[in-house]
Amino acid sequence: MSSQDNSQLVSQIEELSGQRVSDCYQCGCCTAGCPVGELMDPPPSRAIRLLQLGRAQELLASEGIWVCASCLVCGTRCPRNVDYAKIAEACRALILRAKRSQVDPDVVDDQDLQDVPQQAFIASFRKFSV
Amino acid sequence: MKRRIGVFVCHCGINIAGVVKVPELVERAKNIPGVVTALDYVYCCSDPGQRLIRETIQKERLEGIVVACCSPNLHEATFRKAAAEAGLNPYLCEIANIREQCSWVTSDRDAATEKAEGIVRTMVAKVSHDQPLVRLGVPIVKRALVVGAGIAGIQAALDIANAGYEVVLVEKEPSIGGHMAQLSETFPTLDCSQCILTPKTVEAGRHPKIRLLTYSEVAEVSGFVGNFRVKIRQKPRYVDLDACTGCGICLEKCPVRVESVFDRNLTRRRAIYRLFPQAVPNKVVIDAQHCRQLQGKKCGVCAKVCPAQAIRYDDQERIVEEEVGAIVLATGYELFDSRRLGAYGLGVVPDVIDSLAFERILSASGPFAGEVRRPSDGRVPKRVVFVQCAGSRDSNQGVPYCSKICCMYTAKHALLYRHRVHDGEAVVCYIDVRTPGKGFEEFYRRATDEGVQYLRGKVSKIFRRGDRVVVWAADTLAGKKLEIEADMVVLASAVVPNPDGVALARRLKIPVDGWGFLSEAHPKLRPVETLTAGFFLCGCGQGPKDIPETVAQASGAAAKVLAMFGQSELYHEPVTAVVDEEICVGCGNCERTCAYEAVRVDPHRGKAVVQAVMCEGCGACSVACPAGAINLKNFTKQSLTEMVDV
Amino acid sequence: MKYPYYPGCTLYSKARNLDRCGRLAAARAGFELEELPSWNCCGAIYNTNTDDLAAQVGPVRVLAKASQQGRRLVTLCAACYNVLKRANERLHATGFEQDRQRILEFVDEPFEQDVEVVHYLEVLKELGWDAIRQRVVRSLNGLKVASYYGCLMVRPREVLKFDDPENPVVMDELMATLGGEPVRFDFKAECCGGYLVINRRAVADACSLRVVENARTWGAEAIVTTCPLCQYNLESAQLRRGTVLTPVFYFTQILGLALGLEPAELGFEDNKLDPVPFLKEKGLL
Ligand SMILES: Cc1cc2nc3c(=O)[nH]c(=O)nc-3n(C[C@H](O)[C@H](O)[C@H](O)COP(=O)(O)OP(=O)(O)OC[C@H]3O[C@@H](n4cnc5c(N)ncnc54)[C@H](O)[C@@H]3O)c2cc1C
Ligand code: SF4
Ligand code: SF4
């Protein structure tokens, strides 16, 4: 992927999320407060760093963007008012729009169907599948 | 008869000549009616440039000149002085600003030349109508008022007093010293704050030229530079300052206990109290809100035990009036209330404290006599996390600016903690470490060398787990989220201006920035003056800074005051408003418009009267006057009309 | 007082008890919830992509329907509250006018008036704690309750404007009104793991257990919530771990209990972690 394609991707992500990656000064507060930050690779601040460096493709290929719980803690406490949850959502959209689901509604566990509130299924499918 | 006018066009190197076609401008200027000569020079402000102007004035017997150059802010004074030296009244020299208002804002050479000619024509029209004016002389009251007696105010007061002038030093707290009195040891040299402060407070307290008014606030200021009248409100202290010997017997007997603000609520004091043992003046004060007697309940214990009979339950507020020529604002700072950072748990999670509280813990006169213990259970904390930028650089929940001193005092805190708890672990969570001061980088390195662990990442959340405090941090260098279990957490809260200082500045119409810090007259060249003549500033009320910088700025402000006091009288610009009494109907629009309170309608005669020394020549009144009765000197209707008509 | 009410899908199935107690308790508290005559799913989660208008159609239809019933639409499910309120705010955002037109093309019902989305808790607060206190028939007797708000009630702060985003207190105030002792804790508005329970269960469990543990640290004996997913996650994570089990209620169950609903009406059988023994032990049943 050329650096030009990459920078185009960054602009696309910025537009879709309504966020400006240059606003971020890499304090790491988003990573520190993320409830799933230990498991997110790259964690929010790193992910934004990749975009600042124009390495959008690397972020889109990462696992991290699929771990976000959309809890919005990162943006609520970000001293620079950057909302990483929106950035992650934009990244996922770019992939889902290319028709690559991460969760398959057809293989949901039966017991789960009985137990887990609808809200979770709809949310999960909306976030993770085409 | 038209006046003989000369025009001088300055190249300002290529600043002007690179855009405006100077030779053409000179030729065009010669054609302006009244202009008898037009010349150009590469740097008019240089010595040869000024000489050229002087010689031309004399040779051509000029009756007015226009210098087409940079902004009048920069060189109006220079050229007016040159004109005066050549025998021309300085107010018959006008500046045509063809740099800021012309060559700097376009690259189109023809358009620039056209506009420059227009500007020159305007000023020629003006100078044709200008009247010779004489500066107004104003006597100076050579006494100074200093508001706020932290280290800034104390230093400024001492410098002025030691030069032989009287100073009124006003402090709202019962004793002087400000925040420096709360500090333990000071970076980067680690000398004891009290030990270096006390000689200053004692000197200020005893100085024959300093009138110290503690527990007092400035209520009102009227007048103008050199001649201010000040009303100071002395709050009732309920203790006779002259009688009280500071023996402290009352402090032991008072039955009331209240959290001590001085100790950041880590200890409790009595309703009758003294801020700290070395207080100046070393006298007690009664906190009326908590005193049982003053709240109408039965008590009176302090009056009974006081051997000097100094207690005065019927004490009243007093107003003291003073006349001064200059005022120094040294109102200092407060810490940002980090309880507003809800996720940091200050005030609710035990053993999360702010930096001034930690200073008190480190202080020998603090809650644990200098031993590091945690507030909740008095145990020695074995791991302390220091959280930098608690509110600073945070446009979301705090203040957007950097508080400048926290990196250094946090390094100090971590180091002092390690000195007192040898097996303790000190962890500093930071975004950036900023050490641009003499000896600062070395001090920071010392902290890391002595085992303080630095983690790069802003803390997001602080919470309780059992009897420990958990910090959610990050190591952005490794790209990892971290959870740190600690025994105590210290927040380096942002520095904000003292709210009482902000309120005072607002009342006195002294400009402050968006956060309430006092604005200096020029950020680089007039750093200790305000935009209001006669008001000076120093210390943390102007912006966050450490002690050395505070003291340097305070001495700077004092030097400015002394420079003023060194003059026999002050001069005031003569371009002021004048009233044409024949037209004035006394409607009072001018009075309501004037920001400087320089014009009043005389109630007996029904005419507006201008107090020339207070008039700043802004011209607002002449716009507001429906009758056209009030005009600025040398800005008459006729000259303005001709200026825009060119 | 009668309010248009939007229950949402989950409250029609797995969170029936949240809904039923809410309606019954409302009657006891002095107001009535009038369910919208027909409604559709709100979408369960708000989509933040600036160009994603399709996801807005669902919630906007709900708002349009509500506009025909009244000016304020009451919600009970935290997710519905969050989605509807955000969709509503976006609908009225400046710069969004063109998109608004495009969305409305897909909505048959006209807007009769602007609608405000409110949460049941806000309605209670408006009624006044004193008014509610007077209707309490069974005091909580100092029960130490942690009110858990989760993410959806408070974030994004600038849109929801619901209470203090780090330390919301409305539900705590309600618990105090009912005679309970509200327990302040540090995880009132931290994430329970949400929908990650479907495909990253261990992650979600860890989040939920942290919430429960922190509430216990501060002395909570029980937890109340208004989100079906929070309720499920907090309970099931404990059940999966199997130790020290803290009951998790919908706040409407506790409200109903205090306002004197019959035990059979409180829907405890739908709680995964049977709270009946606990309530008996506390003398509340
Ligand atoms: C935790 C911490 C640690 C620090 N450690 C160090 C260090 O190690 N080394 C170092 O160099 N610096 C240190 N500093 C910085 C140092 O405290 C300041 O540089 C210094 O105290 C500033 O003095 P000041 O006189 O400007 O302000 P202040 O000390 O705030 O004094 C202002 C005074 O004005 C009074 N006042 C305010 N408004 C009014 C009013 N309207 N009327 C009358 N009186 C008024 C106040 O009561 C106060 O007494 C530290 C700061 C903090 C927060
Ligand atoms: S919290 Fe904000 S500024 Fe800090 S790293 Fe994350 S996005 Fe950047
Ligand atoms: S919104 Fe996503 S990335 Fe942000 S804190 Fe929550 S889980 Fe982490």
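1. Let's start at the meeting place of the domains. Between domain 1 of chain C and domain 2 of chain C, 12 residue pairs are in polar contact, with both residues at pLDDT 80 or more. Keep in mind that this is a predicted model.

2. Who does the touching on the domain 1 side? Two elements of chain C each give two or more residues to the side facing domain 2: helix 1 (16-29) and helix 3 (78-91). Helix 1 of chain C gives the most, with 10 residues. Sorted by class, this side of domain 1 has 14 nonpolar, 5 polar and 6 charged residues.

3. Now look for charged partners. How many salt bridges does the rule find across the interface of the two domains? The count is 1. As for a salt bridge you can find on screen, R16(C) and D270(C) meet through their side chains, at 3.8 Å from N to O.

4. Step back to see where the pieces lie. Domain 1 of chain C covers 2-120, and domain 2 covers 137-281. Their centres, taken over C-alpha atoms, are 24 Å apart.

5. How much do the domains share? On the domain 1 side, 25 residues are in contact with 27 residues of domain 2 of chain C. Together the two domains bury about 2200 Å², and 68% of that lies on carbon and sulfur atoms.

Key
Residues numbered from 1 in each chain as written. Chains lettered and ligands numbered in written order. Predicted model: local features only at pLDDT ≥ 70, side-chain atom pairs only at ≥ 80, totals over all residues. Heavy atoms only, no water. Domains from an automatic or database assignment. Contact = heavy atoms within 4.5 Å. Buried area = accessible area lost by both parts, 1.4 Å probe. Salt bridge = Lys/Arg side-chain N within 4 Å of Asp/Glu carboxyl O. Polar contact = N/O pair within 3.5 Å; in protein donor to acceptor, adjacent residues only side chain to side chain. Helix = DSSP H or I, 4+ residues; strand = E, 2+ residues; numbered from the N terminus. Nonpolar A, V, L, I, M, F, W, Y, C, P; charged D, E, K, R; others polar.
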